[in-house]
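Thank you all for coming; I would like to walk you through one structure this morning, slowly and piece by piece.

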Amino acid sequence: MNQADSGMAARLLEAAGYEQAASPKDADIIFLNTCSVREKPEQKAYSRLGELRSLKEERPGAIIVFAGCMAQRLGDKILKHLPHVDIVIGPRQLHRLARLVEEVRQTGERQVAISLDHQPIPTWDMYLEAAGSRVESARYNPVSAYVTVMQGCSYCCAYCIVPYVRGNAVSHPPEQIVQEVRRVAESGCREVMLLGQNILAYGKDRDRSFRLADLLQIVHEIAGIERIRFTTGHPRDVDDRLLQTIAVLPKVCRHFHVPIQAGHDRILRDMKRRCTVQQYAEMAAKIREILPGSSITSDMMVGFPGETEDEFEASLETYANLRSDQAFMFAFSPRPGTLAATMPDQVPYVVKRERLRRLIELQNGITAEINRSFEGKTVEVLIEGPDEKGGRRLSRRTRCHRLVIFDGPVSMCGKTLQLTVTAGHLWGLEGEVAGQG
Ligand code: SF4
């Protein structure tokens with residue numbers, strides 16, 4: 001979501017006549033987007049802000065924009081403590097970016113835009129109106145675009161800052177989403193990633209009869225789009241209708257990122273996850289039964305307040321049984337303002353670190369084993385471009401979101417290919433064009 005927002009900020013400023021600078025020291029506007037979901041990204045943001053202080057001293061005319069969830073959380077406190085910041089802007093005010101920059105240029109007055117309540121979320125129409133010309137969804141590679149379909153979350157997991165910084169769930173109207181997907185298809189994108197903090201709850205805040213399954217159906221009709229992805233969601237919102245719908249929509253990729261967060265019912269209850277280990281296991285079984293070959297990825301957290309060694313070991317057993325294809329793994333990080341931050345029995349840092357190490361060891365073993373099971377099989381990939389090291393190695397993900405690297409010319413970018421997997425690793429797969437070798 002932050003990558004999509006940063007891309008949108010760039011598009012808005014381009015529409016206002018700016019162009020991207022090669023580095024912050026050449027820039028007239030520096031846009032720092034931030035994340036509040038854990039403490040570590042917040043520390044990184046502070047450290048980047050510290051670096052920008054000397055830059056501002058050298059070039060006082062440069063405008064520094066502090067954006068994203070951390071900006072939303074801290075608001076004008078940022079202006080008080082960090083005099084080199086010119087604009088503080090929250091995610092729901094992003095469409096006003098170019099106007100606020102202009103305001104600073106005209107008046108020299110610093111700006112704060114973090115209003116959350118009773119504000120419509122920025123929709124494409126608002127972006128278009130604000131930019132006064134065409135803006136386009138952010139691309140995450142030359143052939144794929146993010147399209148935000150909802151923002152915020154109306155659940156209240158005890159550890160999570162999202163509802164406080166992104167607000168309650170608000171779904172974009174389906175017709176606007178379709179319009180945007182058409183636009184990205186016309187501009188050459190072959191794949192869309194539909195985004196929402198809890199996309200599986202799409203539509204619950206609007207007409208409850210038009211849900212994600214219905215949205216996928218109408219997006220599926222759009223010519224030029226070959227693949228539709230969506231992320232991320234709460235396991236309780238995976239239902240039969242969604243799975244049965246995906247089963248008959250070949251463009252929809254069979255990848256579900258459904259965070260479990262803990263593998264023990266007492267912890268899940270205290271987390272207010274409204275989902276038990278048993279329900280999660282049933283959800284995973286149902287996905288694998290109705291949509292064979294799907295990948296299920298997850299988020300897993302260790303060291304939630306009160307987590308005992310026995311509970312942690314039970315969680316490990318749960319994860320071993322679930323066999324997620326991949327997982328983002330974290331140590332609990334208390335977020336100011338959330339319920340969990342004030343809970344008693346906070347787990348000491350060293351214990352969390354050690355538990356995280358054991359969890360990573362377990363899950364990495366499972367991921368590598370699953371990836372190795374692909375050796376010799378054929379997978380379909382949509383070629384994105386050179387791998388991170390450049391050169392002749394191309395990379396792209398399979399329909400199940402596995403990274404595949406193979407040798408090939410850049411002219412293959414944007415093409416869909418069948419690859420034979422030659423090796424499976426923890427990070428993904430290596431392959432060669434099917435029929436070669
Ligand atoms: S469902 Fe996800 S985004 Fe919503 S409160 Fe829970 S963890 Fe946060």
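Predicted model: local features only at pLDDT ≥ 70, side-chain atom pairs only at ≥ 80, totals over all residues.

Cys 275 is buried, because its relative accessible area is 11%, where buried means under 20% relative accessible area, exposed means over 50%, and partly exposed lies in between, all with a 1.4 Å probe and protein chains only. Residues are numbered from 1 along each chain as its sequence is written, and side-chain values use heavy atoms, with hydrogens and water left out.

To stay with the cysteines, Cys 189 also counts as buried, because its relative accessibility is 1%. How many disulfides does a search of the whole structure find? The search finds zero, a disulfide being a pair of cysteine sulfur atoms within 2.5 Å. Cys 275 is accordingly in no disulfide, and the nearest cysteine sulfur, which belongs to Cys 157, is 10 Å away.

Let me turn to the nonpolar cores, a core being a set of buried Ala, Val, Leu, Ile, Met, Phe, Trp, Tyr and Cys residues joined through side-chain atoms within 4.5 Å. The largest has 52 residues, and among those that touch the most other members are Val 181, Leu 194, Leu 216 and Phe 230. If we leave aside residues up to four places away in sequence, Leu 216 touches Leu 194, Ile 228, Phe 230, Leu 242, Ile 246, Leu 249 and Val 252, with contact meaning heavy atoms within 4.5 Å. There is also a second, separate core of 18 residues, which includes Tyr 155, Cys 157, Cys 160 and Val 277.

Next come the helices and strands, which are DSSP runs numbered from the N terminus, with helices (H or I) of at least four residues and strands (E) of at least two. Helix H8, residues 174–186, has 13 residues and reaches 18 Å from its first C-alpha to its last, close to the 18 Å expected at 1.5 Å a residue, where the expected span is 1.5 Å times one less than the number of residues. Its buried residues include Ile 177, Val 178, Val 181 and Val 184, and H8 is followed by Gly 188, whose phi is positive, near 105°.

Now to the sheets, where two strands pair if DSSP finds at least two bridges between them. Four strands form an open, parallel sheet in the order E1-E2-E3-E4. Strands E1 (29–34) and E4 (111–113) stand at its edges with a single partner strand each, so one side of each is left without a neighbour in the sheet. E3, residues 87–89, pairs with E4 over three bridges, and there Ile 87 stands opposite Gln 111.

Elsewhere, strand E18 (residues 416–424) runs antiparallel to E14 (residues 378–382), joined by five bridges, with Leu 417 as the bridge partner of Val 381. E18 is also joined to E19 (residues 429–433) by five antiparallel bridges, and Leu 419 stands opposite Val 433. These two strands, E18 and E19, form a hairpin with four residues between them, and Gly 428 in the turn has a positive phi of about 155°.

I will end with Pro 336, which lies in the loop between strand E13 (326–331) and helix H14 (349–372). Pro 336 counts as partly exposed, because its relative accessibility is 41%, and Pro 336 touches Arg 73 and Ile 161, again not counting residues up to four places away in sequence.
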